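Here is a short tour of a protein model for someone new to structures. Take a look at the picture before reading on.

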Amino acid sequence: MADDEAKKAKQAEIERKRAEVRKRMEEASKAKKAKKGFMTPERKKKLRLLLRKKAAEELKKEQERKAAERRRIIEERCGKPKNIEDANEDQARKILRDYHQRINSLEEEKYDL
């Protein structure tokens, strides 16, 4: 019986210590949660990722806008390219006359400046 009571006392002591440790761990976790601010490391990481994606989208849009502006200016200055592969002789002559006339007018403007 003494053995039985000693085992029970030892078991009770172990349970008491476990409960004490469990209580300390819970308090530590509560304190840790209370310390955490709004921006946890996971949230910061996610925010950085979203900002990088947004910046990449903005950069892509800006590049597309610049490319469209570049194409518009080139078309404005040079005119749209004409298809001379499928043109017959009369159409090719007309296209060449237009180009020649444009070159002459640009040369005149250049000398005037």
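This is a predicted model: local features need pLDDT of at least 70, side-chain atom pairs count only at pLDDT 80 or more; totals for chains, interfaces and linings use all residues.

## Helices and their charged side chains

Residues are numbered from 1 along each chain as its sequence is written, and side-chain values use heavy atoms, with hydrogens and water left out.

Asp98 also has a partner, Lys94, and their side chains meet in a salt bridge at 3.4 Å, N to O. A salt bridge here is a side-chain nitrogen of Lys or Arg within 4 Å of a carboxyl oxygen of Asp or Glu. Asp98 and Lys94 are four residues apart in helix α3, so about one helical turn separates them. Helices are DSSP runs of H or I with at least four residues, strands are runs of E with at least two, and both are numbered from the N terminus.

How many salt bridges does this rule give? The count comes to nine.

| Salt bridge | Distance |
|---|---|
| Glu62 and Arg65 | 2.6 Å |
| Asp98 and Lys94 | 3.4 Å |
| Glu107 and Lys110 | 3.5 Å |

Salt bridges that share partners also join Glu13, Arg16 and Glu20 into one network.

Back to the pairs in the table. Glu62 and Arg65 both sit in helix α2 (residues 41–78), three residues apart, or about one turn of the helix. Glu62 has 31% relative accessibility, so it is partly exposed, and Arg65 is partly exposed too, at 48%. Glu107 and Lys110 both belong to helix α3, again three residues apart and about one turn of the helix. Glu107 is partly exposed, with a relative accessible area of 32%.

Lys110 has another contact: its charged end sits over the ring of Tyr111, 5.5 Å from the ring's centre. For that label, NZ of Lys or CZ of Arg must be within 6 Å of the ring centre and within 35 degrees of the ring normal.

Now for helix α3 itself. Its 24 residues (89–112) should span 34 Å at 1.5 Å a residue, and the end C-alpha atoms are 35 Å apart, so the two agree. The expected span is 1.5 Å times one less than the number of residues. At the start of α3, a side-chain oxygen of Asn88 comes within 3.3 Å of the backbone nitrogen of Asp90.

## The whole chain

What does the secondary structure come to? The chain has three helices and zero strands, in the pattern α-α-α along the sequence. Lys17 lies in helix α1 (residues 2–35) and is partly exposed at 48% relative accessibility.

The C-alpha atoms fill a box of roughly 125 × 35 × 15 Å, taken along the principal axes. As for burial, 3% of the 113 residues count as buried.

How values were computed. A polar contact is a pair of N or O atoms within 3.5 Å; within protein, one must be able to donate a hydrogen and the other to accept it, and residues adjacent in sequence count only if both atoms are side-chain atoms. Buried means under 20% relative accessible area, exposed over 50%, partly exposed in between (1.4 Å probe, protein chains only).
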